[in-house]
Amino acid sequence: MSKPTPPKGLGPLAKREMRFAYSLLLPTFLVVLSVVLFPLLANFWISFKPIQLGDLRTPSVLVNERLMDKLETVGAEGDIRYRVRNSSKKSDIADIVMTDAVPASLSIVSFDDRCTLAGQNLTCDLGDYEGGKREDIIVRVAATQAFIDTPDNIKDTKPAFEFVPENALLSGDFSLENFSKLFNSADFWPVLWASLYYTIFGTLGALVMGLFAAQLLNLSFRGRSVLRGLFLSPYVAPVIAVAFAWVLLLDAGPGGTLNALLQQLGVIDAPINFLGTRAVTLDFGLFTFDFPVALTVVILFEVWRYFPLAFLFILARMQSMSTDIYEAAEIDGATPIQQFWYISLPQLMGILAVLFLLRFIWTFNKFDDIFLLTGGAAGTRTLTVNVYEQAFAVSNLGAGAAVAVVVFVVLLFFALIFFKLSPEDDA
Amino acid sequence: MSRIGNIFILCLLSGAFWGAIYGVLVTLLALLISGFEFQPQVIAGTLAGIASAGVMTVRPAGERDRKTFFAAIGVFIAVLVIVSGFKPLGLGMGTYALGQIIFVVLLAWLVTTTVEMIGRGYGPSHEKRYNVEVVILRFLKSFGLVFFTIAVALPFFVMVMMSLKNQQFLLANPLDFSLDLSVGAATIFRSYIELFTEYNFGTFLLNSTMISIATVVLTLVFAVPGAYAVARLKFPGQDFLSRSILLIYMVPMIVLVIPLYAVFSQMGIRNTLWGLLFVYPATTIPVALYMLQGYFRGIPAELEEAGLMDGLGRMQVIMKITLPLALPALASVSLYIFMIAWNEFLFAFMFLDSVNLFTLSRGIAELNTSEVPRQHLMAGAVIATVPVLVLFLWFERFLVAGLTAGSVKG
């Protein structure tokens, strides 16, 4: 009987495990590559191109074929005119070849010198068309007896084309124009500022409210689980539903609930256009302050919608805390506020920091909320809304992509900070 | 023992506060429900709250019984009615008489109960700092509960009520949410019926359901093997992967939208549900993977090793041991992905042009024009909200455990 020996060199086994792991990860990797990483790079590419939304339609060759003369006797001659044009005003089309069959009842007298004739089949090599080019190809034909007896319609055989359209996305035009326009435009800094303001206050607000709500529901009382479900619902409901509910709630016109309520209470005299007022000037005597109304309302919406997330995680963390330390503090005579300040809060710092950084980044990325509430009007245009505005409202894809690049760069900056500060064991 | 200590003062203050706040809230509630133009009597409410709190807390903590409670309620009602000049809700007692009585009693009960809970066990004498803080924190908590409940519920309340009210009527009386039940269910739910019969909401609902379920299935198919690999297998780059998965989730969707729009347009798959089915799982796989790998790590490796020893292959181990054990996590991840896909707006809005392909989010966006009554817009919002909310609240316990165990997400 041989003595058992420990296996030497885990090489093959480890390799097999590695191969297995890679094969499990490969599908995910491919999907993420094609839908996240590739578009990310493509966005950089597009941002350096002068490209409009309309350029996405690939150009094609359009033709109008017509027999120009009436042929009434045998031997009468006339022109068939092919009016060929490039459907796009901007993009080029290369290597256009037109083929068409001329009816047998017409004999071909002469034709454009770019064409060749095989029987009744005409093949014309038209070369390249730049954007917007149109030209006429003339083929001279003579009528035969058969044509006089039963006139064929030359349109019965449609000319066919082969061509290589230029793809606006792949063309070699590059410029820095998108970026220079972006940085020189008057609203670049206001937009960036609004973005930061929205992100910082939205994040802080959601965290503070989440912390407050978690303190409330950390006690046990009747109806607690009902309230917990209620508190989570802003986060769970579709953004479009709650955003429109807010829009109607805050409406300044007749039928706006909040304005009507405030008027009924005598708080305000005339309706306030919450989502349409850029700023009101508050006069404190010594100094005046332009209070951004619409931006604040949008931030309140953000806080309302995302405090449940902070609430959820803070509550989970609080319920996992050991109670011993509180009992000890109780015996030592620590008051409830001291217990919160010196025991709970330090223990929550970890989750609060993680939540802050994640929420900060996600709030910065947020597009739908503001888009649905104000569409970016009244000083609420953030960078992300500006991407949409440039690319799809102004129809300048390149400019939109340039804004998206700025979004990404700012984000990368935040993400770096996040990874520098991230504690080893989060959540 | 001095009669008037700091606790007594605090209780009077909270009585004043809650008398005013509940006064406003109950009056508004009466206004919304009845449609009568009630006016909150803030000063009367404040004074009544003080009086009632005084009656309640002037007695030592141990002697406050049922009789004290009813006396406090009685005093509240009396002061409120007299100070407001027999218009406790701002209108003469004759209008909506029975309703007014109910609301006034409700108001008195709310204020008294709250003050009783805030002061329970303490006062009225001077107490030490600990007890003062307890009373103050009770006050803050009662305030917080009322504040959060109203702030969270108000938009949903408005959403539901507006979907049931005729727009002309609401424009004339924006605060009148009273429902006339005598007109019949068909009239009350008119906007819902019209959405399904005239605005294709049946199709949208079907599209949303199909897309969401397909996204869940696809995501799991991709994420489960990946998560298992990251959690269990050793390979170069493992650490890097498990840390950087979440990084992918931080890529803003708006940055991806332009290239995807451009490429999908040229490939002719933009205005199709397939396009969405390509994008949605790709955006959810990283989170799902992150959440699942956290859970897989928590499953004892010994169980799987036992399976390996007994001659199962890795695939069989995953299918027969890991997945059954991870069922709660799979459920919560599925629910979560379903929620993301169901609520997704940006890509549906950018990609879909044909009405028969719309998801609910996209369909509701189409209702936001002046030609469509608001009633329909809000009915659409309710239709989109109810399924996901019901599903979520039903499985909430699962979801919360799964979400908080494995990861963090926004």
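In strand β7 of chain A, the residue bridged to A:Gly78 is A:Val141. That pair is a handy way into this structure, which is a predicted model.

**Strands around β7 of chain A**

- Strand β2 (residues 77–86) and strand β7 (residues 134–143) of chain A run antiparallel, and 9 bridges join them.
- β7(A) also pairs with strand β4 (residues 106–111) of chain A, again in the antiparallel sense, over 5 bridges.
- A:Val141 turns up here too: it is the bridge partner of A:Ile108, as well as of A:Gly78.

**The four-stranded sheet of chain A**

- Another set of strands in chain A makes an open sheet of 4 strands, in the order β5-β6-β3-β8, with antiparallel pairing.
- The edges belong to β5 (115–118) and β8 (160–165); each has a single partner strand, so one side of each has no neighbour in the sheet.
- From one strand to the next, the twist averages 15 degrees.
- Inside the sheet, strand β3 (residues 93–101) and strand β6 (residues 121–129) of chain A are joined antiparallel by 7 bridges.
- Two pairs to look for there are A:Ile96 with A:Gly127 and A:Ala101 with A:Asn121.
- β5(A) and β6(A) pair antiparallel over 4 bridges, and A:Asn121 is the bridge partner of A:Ala118.
- Those two strands form a hairpin with 2 residues between them, and A:Gly119 in the turn has a positive phi of about 65 degrees.

**Where the chains meet**

- The contact draws 86 residues from chain B and 82 residues from chain A.
- On the chain B side, helix α5 (residues 129–164) gives the most, with 18 residues.
- Sorted by class, that side of chain B has 67 nonpolar, 12 polar and 7 charged residues.

**Nonpolar cores**

- The largest nonpolar core has 176 residues, and A:Ala245 and B:Leu292 touch the most other members.
- Helix α8 (residues 293–319) of chain A supplies the largest share of this core, 18 residues.
- Leaving out residues up to four places away in sequence, A:Ala245 touches B:Pro155, B:Phe156, B:Val158, B:Met159, B:Met378 and B:Ala381.
- A separate core of 41 residues lies apart from the largest one, and its members include B:Ile21, B:Ala53, B:Val104 and B:Phe139.
- As general background, nonpolar side chains in soluble globular proteins tend to be buried together.

- Helix α15 (residues 327–343) of chain B has 17 residues and reaches 24 Å from first C-alpha to last, close to the expected 24 Å.
- α15(B) is mostly covered as well, with 13 of its 17 residues buried.

**Helix α12 of chain A**

- α12 (383–393) of chain A is mostly covered, with 9 of its 11 residues buried.
- Those buried residues are A:Leu383, A:Thr384, A:Val385, A:Asn386, A:Val387, A:Tyr388, A:Glu389, A:Gln390 and A:Ala391.
- They pack against α4 (188–216), α10 (336–365), α11 and α13 (397–421) of chain A, together with α11 (253–267) of chain B.
- After α12(A) comes A:Ser395, with a positive phi near 65 degrees.

**Positive phi in residues other than glycine**

- A:Asp95 is not a glycine, yet it has a positive phi of about 50 degrees.
- You'll find A:Asp95 in strand β3 of chain A, and it counts as partly exposed because it has 13 C-beta neighbours inside 10 Å.
- A:Ala378 also has a positive phi, near 55 degrees, and sits in the loop between α11 (368–373) and α12 of chain A.
- A:Ala378 counts as buried because it has 20 C-beta neighbours inside 10 Å, and the cut-off for buried is 20 or more.

Methods: Residues are numbered from 1 along each chain as its sequence is written. Chains are lettered from A and ligands numbered from 1 in the order in which they are written. This is a predicted model: local features need pLDDT of at least 70, side-chain atom pairs count only at pLDDT 80 or more; totals for chains, interfaces and linings use all residues. Two strands pair if DSSP finds at least two bridges between them. Axes are lines fitted to C-alpha atoms, for helices over the stretch in contact, and angles run from 0 to 180 degrees between N-to-C directions. A nonpolar core is a set of buried Ala, Val, Leu, Ile, Met, Phe, Trp, Tyr and Cys residues joined through C-beta atoms within 7 Å. A residue is buried if 20 or more other C-beta atoms lie within 10 Å of its own, exposed if 12 or fewer, and partly exposed in between; C-beta atoms are placed from the backbone. Two residues are in contact if their C-beta atoms, placed from the backbone, lie within 7 Å. Ala, Val, Leu, Ile, Met, Phe, Trp, Tyr, Cys and Pro count as nonpolar, Asp, Glu, Lys and Arg as charged, and the others, Gly among them, as polar. The expected span of a helix is 1.5 Å times one less than its number of residues.
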